[in-house]
Structure formats: C-alpha cells, structure tokens
Amino acid sequence: MTAALDIVDLGVRYGAVEAVAGLTMSAAAGAVTAVLGPNGAGKTTTIETAEGYRRRFTGQVRVLGRDPVADHAELRQRVGVMLQAGGVPGAATADQVLTYTAGLYAHPLDLGPLAERLGIDRLGRTPFRRLSGGEQQRVKLALAVVGRPELVFLDEPTAGLDPQARLATWELIRALRTDGVTVILTSHLMLEATELADHVVIVDHGRCVAAGSPAELVAAHSLVGGSGGTARSIRFSAPPGLDLAALLAALPAGAAASESPAGSYLVDGPQGGPALLAALTGWCADHGVDIAGLSVGVPAGYELEQLLLDLTGRAPS
Amino acid sequence: MTVATGTFAPAPGGAPARRLVLRHARFELVQLVRNGEQLLLTVIIPTLLLVLFSRVDVVDLGTGSRVAFLAPGILALAIMSTAFTAQAIATGFERRYGVLKRLGSTPLPRWGLLAGKSLAVLVVECGQVVLLGLFAVLLGWRPSAANWSGALFAAAVILVGTAAFSGLALLMAGTLRAEATLAGANLVYLLLLLGGGIVIPVDKFGTGMSSALQWLPSTALSDGLRAAASGDLRWASLAILAAWAGAALAAAARWFRWE
C-alpha cells in the first residue's frame, strides 16, 4: 500500500519551544492510523502541519503525495479535517452548519442518513454552543466527512463522548475505512487505538517512540512491572499471594508464572494456548481461586494503557 | 446500524467558485438575521435614531428640514454599523472560535470567504437603504434634486464607504482579541456616531475640530450622501473614503491573522 501521509524528520518550533523534534511517521492509504501520546506530546502540532496550518517547519511532509502548504488549494478539496477545538459558529444550528458545509463540496454525502447515524438528527433549533460536548464533537465529525474526502484527520474525535456516542463514532470510523477512506486520528487512549487502528504511532516529546500494529507493539514492548509477555501470554487478576510453585506444578512443563504487581498474574508456556488455559483454570477451580480480567495474547483495556504509560513516561508532561 | 458499503466512498471536489461565494453569503445572512444584537445594531438603532432625532429637538440641526440633514446621516450610520461594527464583531468571534481556521480546510478559499462576506454586507445594506429611505420619506424627507447622477453618486459613495469600513473591521477583527474587538467596535461606532457628522453637524464642534473631523470616514460618508441628496457630486468625500479604503484594506491584508 502507498503512504497517504508521509512525514520525515519533522521539526516545529513555537518560539523557544520545540513542539515537534524530528518526528518520522507514515500512514497507509485506506487504513486507520492512530497517533497516540500524552498532552503536549506534539500530536496536534504534527497533524496541523499535515493539514497545512503550520507553515514554518523543517523536514518533509507529504499528504496524498502533495505538499500541505504549496498544494493546499488542491488538498482542501480532498482532505477532511476535524479540529480538536472550535471551528463552528456558536449561534448556528447543527443543521445550518451541515447544510452550509455540504454546499461547499461537489459531491457531498446525504445529510439525513449521516446525521441519523451519528445521532445528531434531532438537535432542532438549538444553537451549536448550547449542545452538549458530545453532540458538538459529533457535529464536527460530520463536518469533516461530509465532503467525501479521500483522507480525514480527526483530532481527538472521541474526547468527552459518552459510551454510546463513542461507539457510534467508532462505527463511523470503521465504515470510512471499509469504504476506502484513509483515517488519521489522535487519541489519548491505547484501547481506542487497538479497537480501531491498523497502525499505531506513539508520540512523546515531539518524537515517535514506537510504531506498528497493536499486536506488534504489545509483542515488542515489555508490559507493566517488567513482567514481560508474549502474544500467547495469559494475564489475570486474583487475590494476591497465590502459591506460584503449586500452580506451576499443575501447568504443562516449561511454563512460567509471575505476580507483578500484587494480584496481577502473568502465565506463559512454551505451547501456550488452550492447554495452558485449561490447566490454569482447572487449578484455580480446584483451589477455589477467584479470577478476573483474564486475557490471552494481546492485552485489553487497562494493560494497554499501562503499555502506553511505559512508553511515554508516567509523569504528566 | 449498517450502511451499505460505498456510502463514504471518496468523491472529493469543491463546488464551483460562484456557488461557494453564494453559499457563504447566504450562511452569513442567516446568521445575521438570527443574531438579535446584530439586528439591533444594523436595523433597530438607526431606525430609532432617525425617528427620534427628526421628531424631537434633541440637537440643534440649524435651519432647514431636520430629516433632510438626518436621513443621509442615519443612512451612513447604518452602512457603518453593517460594514464596520457588525462585521468586526462577527469576524472577531469567528476567528476566536476557530471558524476561520476550519474554513481554511474546506474548498472555500480566502478570497471566496471575503467575497461572500462582502456580498452579505451589500445585501443587508440594500435592505437598510430601502427601510430607512421609506421611514425618511414618511417623516417628510424629499431629496431636493433626486436625479440619476445623484443616485449613482450615492451608490458609489456607499460602495467605497463599505470597502473602507470593511477594511477597518477586518483590521480590527484580525489583530485584536474578540472581546477587545467587541468593545472597540462599539466604542468606535459611538464616537463616529457623535463626532462623525451623522446626527450632529461637525461645525457644532468649532472650526479647528470640525476641519479635523471632516477627514473621518463617517463624516465623508454622511457628507457625500447628504450632498448627493441635493444633487451635488462631492468628489472630495469620495476621495477621502477611497483613501481610507486603500489604507485599511492594505493594513488588513498585511496584519490579519486567521487564528
């Protein structure tokens, strides 16, 4: 696949502050790429440079093979943008803004199904500034896709959304991907990235610190507490202080078990898979051990966020 | 909830330039009509001032018909309120809320945005001219030499005046914070209303002061319209407005910041 976004050694400064310092990343056409990192990591600056808003930068940025500044007139017809903050006149209704924006494009989407899909079809005459944060986010998302772009930049599309709205947004992003739209989004949440993204780029202090598919990232980087782990590791929570020696005796030969931190367990075996899982759960059943949060292979939820913290540091930047 | 594959299949492209400008002008007009404060500024205050000052002897307007002095002045005020005050405030907040920034990633180019805004301003001004002209005639205004050259000259004065005030509005909105623009635009509106020959003849301020005040764009606009109403083509007013337009638009082009 060809790259829809190609950034090589990007540097952006705001006065004395170096917001992006030698960042390299790319995003494949037709795929969902998530740019992850803490606040202030340089995600928005990177995205806005690709959107053509930042003119003074060093390095190379190509969007759909074009220069984001010099070819801006062409790219603004082919690329959809959802800004992290603002962008919509506060007094206008969602319907007015959507109708107006759709009118700027040659082949806009039908507004009815789009609004219905995002749950913003019954906002009536409420001005945009009086909508809830989640409703505003979804209106902004609709504005980014209404012109049927080849590529969309979504800067924190699910920030402040309740679970229903977040699911609707995820569904829309998946549908964009299915239909061949390249999606580049930023997020704070590793879980969101693993749910949606084909490719994850983790950014910290203006640099790319890790990149790959969610599974590759998990396989390549050790998990919380230095406990290690592979694509077939089993993780679970149980009361702290289990007798690991007794557990190991019940597991297939060559298996390893560790507890770190207290109450979080990691079990690995040379074969892994169902046999290891059956032996583990059998031992727990025999000994009346209550287990929770069991996962195999790619870790879910909490542990993924731990991976992100490990890669980008734990202190707020 | 499933949507047939292909709904979002890319089909990029912007609307034709003419449609972009018309769409934007229409959007601006809808926003203006929905905005109570802007309507107050552009329609209600000028109408009230026209009726009040021509019926009540608040200010000594000298001899002659009060409405003959006031009608062109109030028309100038209405133009100023639309092209300057309302536009500065609206644009200032659009900039503050990232509206201009987001439009920068749509097919609407900057010239299209400005053309759309100007078109909306001109449509509102046409409405103001009709409404205030009607009220003035009802109040007894009879432009003494209403002829084609006077009307054309008045139209030219309004156009160039609109360019001057739009330039000042964009200069203010593009360089100051939105709150400062809000306060500043209202203050300038009030100062030009009082000192710009709109409801108070500038010669009331004494010779020294009045010769300075006549260089103000509001004075030039109201003087030019007043002269045109009596069939007099006052080129000096047009020249002053053209100078303001050139300077203000050049400064706005130089210093306007989009975000």
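How many residues does the contact take from chain B and from chain A? The contact takes 39 residues from chain A and 31 residues from chain B, where two residues touch if their C-beta atoms, placed from the backbone, lie within 7 Å. Before going further, a word on what you're looking at: this is a predicted model, in which local features need pLDDT of at least 70, side-chain atom pairs count only at pLDDT 80 or more, and totals for chains, interfaces and linings use all residues. Residues are numbered from 1 along each chain as its sequence is written, while chains are lettered from A and ligands numbered from 1 in the order in which they are written.

Let's stay with the side of chain B that touches chain A. Helix H1 (17-34) and helix H4 (99-103) of chain B are the elements that give two or more residues to that side; helices here are DSSP runs of H or I with at least four residues, strands are E runs of at least two, and both are numbered from the N terminus. H1(B) gives the most, with six residues. By type, the residues on this side of chain B split into 16 nonpolar, ten polar and five charged. In that count, Ala, Val, Leu, Ile, Met, Phe, Trp, Tyr, Cys and Pro are nonpolar, Asp, Glu, Lys and Arg are charged, and the others, Gly among them, are polar.

What about the rest of chain B? Chain B has ten helices and zero strands. Its C-alpha trace spans about 75 × 35 × 30 Å along the principal axes. Of the 259 residues of chain B, 50% count as buried, meaning that 20 or more other C-beta atoms, placed from the backbone, lie within 10 Å of a residue's own.

Now over to chain A. An automatic or database assignment sets the domain bounds, and chain A is divided into domain 1 (3-218) and domain 2 (224-298). The centres of these two domains of chain A, taken over C-alpha atoms, are 40 Å apart.

Chain A also holds an open sheet of four strands, in the order E11-E12-E10-E13, with antiparallel pairing; two strands pair if DSSP finds at least two bridges between them. Strand E11 (256-259) and strand E13 (292-296) of chain A stand at the edges, each with a single partner strand, so one side of each has no neighbour in the sheet. Further in, four bridges join strand E10 (residues 234-237) of chain A to strand E12 (residues 264-268) of chain A. In E12(A), A:Tyr265 is the bridge partner of A:Phe236.

Notes
A residue is buried if 20 or more other C-beta atoms lie within 10 Å of its own, exposed if 12 or fewer, and partly exposed in between; C-beta atoms are placed from the backbone.
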